[in-house]
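Welcome! Let us take a friendly walk through a protein model, one topic at a time. Keep the sequence and the 3D view side by side as you read.

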Amino acid sequence: MLIIGIAGGTGCGKTTVVNQILNELPEGEVGVISQDSYYKDTTHLSYEERVKINFDHPRSIDFGLLADHLKILKSNKPIHQPVYSFVKHNRTGDTILTHPRKVMIVEGILILTNPDLRKMFDIKIFVHADTDERLIRRLKRDISERGRDLDEVLTRYQTTLKPMHDQFIEPMKEYADIIIPNNKYNTVAIDIVKTIINEKL
Ligand SMILES: Nc1ncnc2c1ncn2[C@@H]1O[C@H](COP(=O)(O)OP(=O)(O)O)[C@@H](O)[C@H]1O
Ligand SMILES: O=c1ccn([C@@H]2O[C@H](COP(=O)(O)O)[C@@H](O)[C@H]2O)c(=O)[nH]1
């Protein structure tokens with residue numbers, strides 16, 4: 001199994017890059033795990049308490065469970081990937097049966113901050129988009145898809161997103177094997193990653 005880690009700040013285009021990679025590759029050969037599924041379960045908290053969580057700090061992620069799941073997949077067994085709701089700021093309680101594939105992609109803002117995970121990735125990719133571009137994308141996406149308003153996105157950006165990005169996410173470029181510039185759609189970089197994956201299939 002080839003495990004590819006794809007990191008980068010919020011709005012840089014990780015999900016879009018993953019979908020572009022999957023597009024045209026043989027169905028059922030490449031699997032995806034999202035770090036978002038591994039936000040810690042906060043059912044014991046009220047919604048008002050959950051909203052205050054710093055979701056851009058590594059401690060918000062259950063990296064132990066994520067690493068365990070990757071190990072299980074590597075041993076050719078399926079896992080039950082938790083389903084996360086950005087609207088509720090919590091796991092839904094549902095899971096998705098995720099089967100091992102020849103290539104597994106793990107994507108998320110903080111996945112390269114965890115040394116155990118880093119060791120498990122055969123290829124580490126960092127998707128870069130400029131800060132202003134990421135903020136614009138995040139604003140549009142969170143308002144249209146995640147039930148936020150302008151004020152909420154901007155307040156979270158100033159109080160946690162930007163400081164956490166500068167402290168934890170941007171320095172992870174150092175560990176990347178490949179950095180994909182993604183201010184514009186980058187079909188050349190996507191084709192290169194697809195070629196690497198096709199060699200494995
Ligand atoms: N290269 C790009 N140029 C313009 N918009 C993009 C680009 N990549 C992604 N987007 C858009 O930006 C938003 C955030 O992208 P997404 O892939 O969800 O980012 P991430 O998963 O890194 O948070 C989405 O609405 C997506 O359509
Ligand atoms: O309950 C939550 C959990 C996370 N977030 C924000 O999501 C992004 C990470 O997702 P991307 O798809 O990579 O943008 C992170 O910056 C968190 O702030 C949230 O709003 N609510």
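With which residue does Asp166 form a salt bridge? The partner is Lys162, and the closest N and O atoms of the two residues are 3.2 Å apart. Keep in mind as you explore that this is a predicted model.

Asp166 and Lys162 sit four residues apart in helix H6, so about one helical turn separates them. Asp166 has a relative accessible area of 43%, so the residue counts as partly exposed. Lys162 is partly exposed too, with 37% relative accessibility.

How many salt bridges does a search of the whole structure find? The search finds nine. One of them joins the side chains of Glu29 and Lys102, with 3.8 Å from N to O. This pair links distant parts of the chain, as the two residues are 73 residues apart. Glu29 is in the loop between helix H1 (14-22) and strand S2 (30-34), while Lys102 is in the loop between strand S4 (90-98) and S5. Glu29 has a relative accessible area of 23%, which means that the residue is partly exposed. Lys102, at 41%, is also classed as partly exposed.

Now turn to helix H5, which covers residues 131-145. Here Asp142 forms a salt bridge with Arg138, and their closest N and O atoms are 2.8 Å apart. The two lie four residues apart, or about one turn of the helix. Are Asp142 and Arg138 buried or exposed? Both of them are buried. There is a further partner to find as well: Arg138, Arg141 and Asp142 are linked in a network of salt bridges.

## The nonpolar cores

Next, look at the inside of the model. The largest nonpolar core has 29 residues, and those touching the most other members are Ile33, Leu70, Val106, Leu117 and Phe121. Several elements give two or more residues to this core: strands S1 (2-7), S3 (79-85) and S5 (103-107), together with helices H3 (63-74), H4 (115-120) and H6 (150-169). Which of these elements gives the most? The answer is H3, with five residues.

Apart from its neighbours within four places in sequence, Leu70 is in contact with Ile3, Val106, Leu117, Met120 and Phe121. There is also a second, separate core of 20 residues, and its members include Cys12, Val17, Ile105 and Ile125.

## A nonpolar patch on the surface

Ile143, Leu150 and Leu154 form a surface patch, and together they have about 240 Å² of accessible area. Leu154 belongs to helix H6. Its relative accessibility is 31%, so Leu154 counts as partly exposed.

## A buried histidine

Where does His89 lie? You will find His89 in the loop between S3 and S4. Its relative accessible area is 3%, and because buried means under 20%, His89 counts as buried. Leaving out residues up to four places away in sequence, His89 touches Thr42, Tyr47, Arg50, Val51, Phe55, Tyr84, Arg148, Glu152 and Arg156.

## Two loop residues with positive phi

Glu24 is not a glycine, yet has a positive phi of about 80°. Glu24 is part of the loop between H1 and S2, and with 70% relative accessibility the residue counts as exposed.

Asn76 is not a glycine either, and its positive phi is about 70°. This residue lies in the loop between H3 and S3. At 60% relative accessibility, Asn76 counts as exposed, because the cut-off for exposed is over 50%.

## What the record says

Finally, here is a database entry to set beside the model. In an unreviewed entry, UniProt lists residues 3-188 as "domain: Phosphoribulokinase/uridine kinase". In the model, this span is 37% helix and 22% strand, and its end C-alpha atoms lie 21 Å apart.

Technical notes:
Residues are numbered from 1 along each chain as its sequence is written. Chains are lettered from A and ligands numbered from 1 in the order in which they are written. Side-chain values use heavy atoms; hydrogens and water are left out. A nonpolar core is a set of buried Ala, Val, Leu, Ile, Met, Phe, Trp, Tyr and Cys residues joined through side-chain atoms within 4.5 Å. Buried means under 20% relative accessible area, exposed over 50%, partly exposed in between (1.4 Å probe, protein chains only). Contact means heavy atoms within 4.5 Å. Patches are made of residues with over 30% relative accessible area and no salt bridge: like charges are joined within 9 Å, nonpolar side chains (Val, Leu, Ile, Met, Phe, Trp, Tyr) within 5 Å. Accessible areas come from the Shrake-Rupley method with a 1.4 Å probe; for residues, only the protein chains shown count as cover. A salt bridge is a side-chain nitrogen of Lys or Arg within 4 Å of a carboxyl oxygen of Asp or Glu. UniProt positions are given in the numbering used here, feature names are shortened, and annotations may be inferred rather than shown by experiment.
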